[in-house]
Amino acid sequence: MINRWLLALALLLAVLSWPPQWYPLSVRLKLTEVFGAAEFRPLPGSITNPDTTAEKFCPPDPEGWREKQLIEGLEIRNSAPCIPDNPFAVAAFVRGTNNIEQATLLKSGLTADAVEKGRDLDGDGDPDEIHIRLEVAELNGGSALSRDPVTRYSIAPGIEPGLWVFAPKLAGMAVENFESSQARRALRLPSPVIRVEQGDEIRITLENSHYMPHTLHLHGADHGFVDRTGEGNDGVPFTSEVPVMPGNARTYELQPRHAGTMFYHCHVQPHVHVMMGLQGLFIIEPNQPDNWLQTMNIGAGLVRWPSQSLREEFDHEYDLHFLDLDQQLSERIQQENDPRLITRSMHREYDITDSTPDFFTVNGRSFPYTFQESLVVGDRNERIRLHVVNGGAKGIALHTHGHKFSVTHRDGVVVPATAVAPQDVVWLATSQRVDLSLEMKNDGLHAYGPGIWPYHDHQYNGVTTDGIGPGGNISAIVYAEYLEKSGWPRTQGVSWNKFFTEAYYRREVPVWESYAPGLFSDTGIDGRFLLRIIGLALSAGILGALLLLVVVRRVSRR
Amino acid sequence: MKAGSSRRKSYSLLRLLAVLLGLISVTAVGQQTVDHTGHEGHSMEVKPAGMVMNENHTELPRDCAGISRDYAFTIRAGTEYAKQIPGTIFGMSQHELRVEPCSRIEITFNNEDQVRHQWMVHGLPTYLYPGGMFHIEVSGGNSQQGTFIVPGEDRTYLVHCDLAQHMEKGMRGQLVVGQGSGDLWGVPGVSNGFYRSGYLPAYTRWLILFALLLAFTGSLLLFRNR
């Protein structure tokens with residue numbers, strides 16, 4: 001008896017709940033003939049998104065690191081953008097960490113043997129024996145104690161891909177302080193730019209402080225296959241040497257005969273290790289008298305102590321390192337803590353032939369963080385040198401707004417003068433380098449006058465962060481008059497608040513919300529439709545139970 | 001050491017959780033204080049062999065009337081000491097030190113690797129140790145010695161190497177003063193990691209399916225026979 005009532009109830013519920021828009025077309029047309037069009041019921045309203053607090057666009061600079069300053073007798077140039085390089089580290093890299101005051105060394109954050117500079121072999125007033133030490137650091141790695149990444153480094157708000165970098169040899173902790181899990185400022189993507197002089201006797205000791213084997217390969221830089229002792233010097237495990245194991249070190253040697261913008265990277269399982277970030281610019285400057293060089297440029301970007309030949313030809317020098325990252329690779333170091341499981345996951349389970357890049361960085365950050373540190377700042381009629389590398393897996397179509405630059409060198413080799421012409425897109429294949437000359441001459445060809453002129457990869461995935469734009473490797477050429485005192489560009493147009501929230505890159509914020517509130521917002525919910533669907537689900541549940549009961553009874557009767 | 005640690009484990013689970021929660025809250029609060037070079041305001045000198053930070057031979061903690069006892073430990077660090085503990089890469093010869101309250105401890109830290117290592121204690125009173133830490137850093141193949149004095153309260157302090165991933169991959173230890181305040185998680189040879197990977201064979205799903213079917217058909221047969 002109850003069963004029959006239940007059946008009736010279920011059927012009634014189904015009929016009442018069935019959404020009219022799901023009736024068969026013929027039924028709907030029939031109903032229209034009889035009752036006419038349905039009465040107007042407004043579509044759900046717009047939801048105004050709760051205000052998410054934006055991060056500070058331009059962090060303060062309490063130590064005054066942005067200012068021009070005299071350290072160790074060196075006039076370190078000013079750094080216009082919000083986040084500058086540590087000028088004491090710049091001075092230490094120029095003089096050598098073995099040749100400076102203890103106070104400077106402490107402020108540089110480096111160890112005493114990070115970059116040692118020795119004798120002047122050719123008697124031209126600058127040191128020619130250079131000993132560089134590199135460590136290997138993991139950022140946003142895993143832990144058996146926490147689900148959050150450790151030694152954290154954000155490339156954009158809330159974006160913390162697992163990374164491996166070559167790092168300068170820093171004294172002290174990897175984090176800002178004990179209470180923080182944020183990586184200290186000098187520990188970051190990209191691996192530091194290394195700058196040496198043509199003809200110098202250079203030794204680079206790779207101190208493998210990481211938990212996996214690594215090597216150093218000097219891509220495009222003149223180096224012997226073996227060093228003086230006959231030990232492998234090319235960094236390739238299957239042709240030259242057994243990799244440097246965790247806790248071990250090896251010294252690579254070179255005395256480059258040619259100047260040019262080169263590249264260095266790990267050559268162990270390169271499709272994984274290079275794409276995790278173990279790669280950096282390696283710039284060989286022409287030999288000049290009194291040519292003290294800033295041996296490392298942490299985080300790339302502005303060179304605060306340019307070489308002699310640069311000073312003769314250009315007003316400013318910037319290093320630009322482009323790199324794309326695959327989230328499906330970078331997250332693997334966060335999923336396990338046991339190095340054996342991480343090794344299997346990264347080198348056997350990960351398949352790069354099925355991969356697509358998700359994050360696109362220039363100098364280790366994506367938009368909007370790029371505007372804090374990798375702005376190319378100049379002024380009317382100035383000439384700017386850009387050293388550019390594409391370290392990513394995909395090609396880059398580097399485009400500048402408001403300017404046409406000239407490619408003067410490709411892969412460290414000068415381009416014949418007859419082949420140099422202004423252009424506004426340059427294609428960079430994977431691991432390719434170009435040296436660009438940017439003339440801020442307002443002649444309608446080289447430049448169109450002062451402003452905030454974006455530069456970015458014109459391949460469209462490159463201007464997003466996992467498909468959310470603006471993101472990726474967008475930064476800008478900014479004229480000094482368009483820069484606030486703090487270093488933040490005086491942009492016109494839309495508010496940047498949403499770009500400085502994690503929610504935006506989690507796809508939670510409608511893209512035009514800030515200046516068209518409500519118009520293109522998220523919509524409210526159609527409660528009536530939702531109720532009908534729940535009603536249908538309830539009736540289906542009752543009918544199912546009744547059916548099961550009938551079947552069970554039939555079976556047990558037999 | 002092993003027997004002792006398993007005995008302690010039985011009563012200290014809650015205290016461990018409390019310590020862990022404390023650590024998490026400290027981590028969340030402390031992000032405003034930024035020290036870009038990693039060591040401002042500490043007493044030390046950076047030498048090629050390394051550095052010792054916040055050394056203290058004589059200053060007594062407020063709750064100590066005098067030095068109760070002198071200890072001298074030699075800690076050796078390197079990949080060699082990780083080989084006995086599966087899943088670690090970097091190691092220390094000793095992951096746990098037990099000392100009396102108000103004692104003076106001399107640490108000789110020998111780095112047998114060719115890369116930098118650290119022996120760092122956290123949570124010491126900040127009026128004696130800036131940042132609450134005592135820290136020895138040694139470059140590859142070198143040794144450094146440093147001395148510090150612990151306070152009078154029973155407490156377990158975190159000891160670790162703060163190079164990126166060195167603590168996670170083995171260089172984590174604890175300094176137990178007096179009775180301590182319960183073991184920390186994830187100290188190799190003393191306590192488990194808070195999270196642990198599966199370590200299951202690839203055929204686990206088939207085993208589960210087999211067990212399910214076995215139980216199902218077994219129960220069915222039993223049911224029938226009654």
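I count a residue as buried if 20 or more other C-beta atoms lie within 10 Å of its own, as exposed if 12 or fewer do, and as partly exposed in between, with C-beta atoms placed from the backbone. Helices (H or I, at least four residues) and strands (E, at least two) are DSSP runs numbered from the N terminus.

**Entry: conventions.** The model is predicted, so I take local features only at pLDDT of at least 70 and side-chain atom pairs only at pLDDT 80 or more, whereas totals for chains, interfaces and linings use all residues. Residues are numbered from 1 along each chain as its sequence is written, and chains are lettered from A and ligands numbered from 1 in the order in which they are written.

**Entry: confidence.** I noted an ipTM of 0.91 and a pTM of 0.91 from the predictor for the complex. Where pLDDT is low, predicted coordinates should not be read in detail.

**Entry: helix H9 of chain A.** I looked up the buried residues of H9(A), which spans residues 339-349, and found Pro339(A), Ile342(A) and Met346(A). They lie on the same side of H9(A), because they cover an arc of only 60 degrees around the axis; the arc is that of the directions from the helix axis to the C-beta atoms. An α-helix has 3.6 residues a turn, so residues three or four places apart point the same way. On the face turned away from the buried side of H9(A), I found the exposed residues Arg348(A) and Glu349(A). The cover over the buried residues includes helix H5 (270-273) and helix H8 (332-335) of chain A.

**Entry: chain B.** I found two helices and ten strands in chain B, in the sequence order α-β-β-β-β-β-β-β-β-β-β-α. Of its 226 residues, 40% are buried. Of the contacts in chain B between residues at least 6 apart in sequence, 70% join residues at least 24 apart.

**Entry: backbone exceptions.** Most residues other than glycine have a negative phi, and most peptide bonds are trans. I recorded a cis peptide bond between Leu189(A) and Pro190(A), with omega about -5 degrees; Pro190(A) is in the loop between strands S6 (163-168) and S7 (193-197) of chain A. The bond from Gly469(A) to Pro470(A) is also cis, omega being near -5 degrees, and Pro470(A) is in the loop between strands S24 (452-457) and S25 (475-479) of chain A.

Ala300(A) has a positive phi, near 55 degrees, in the loop between strands S13 (296-297) and S14 (301-302) of chain A. Ala300(A) counts as buried because it has 28 C-beta neighbours inside 10 Å. In chain B, phi of Cys102(B) is positive, near 65 degrees. Cys102(B) lies in the loop between strands S4 (96-99) and S5 (104-111) of chain B, and is buried, with 21 other C-beta atoms within 10 Å.

Definitions and conventions: Contact = placed C-beta atoms within 7 Å.
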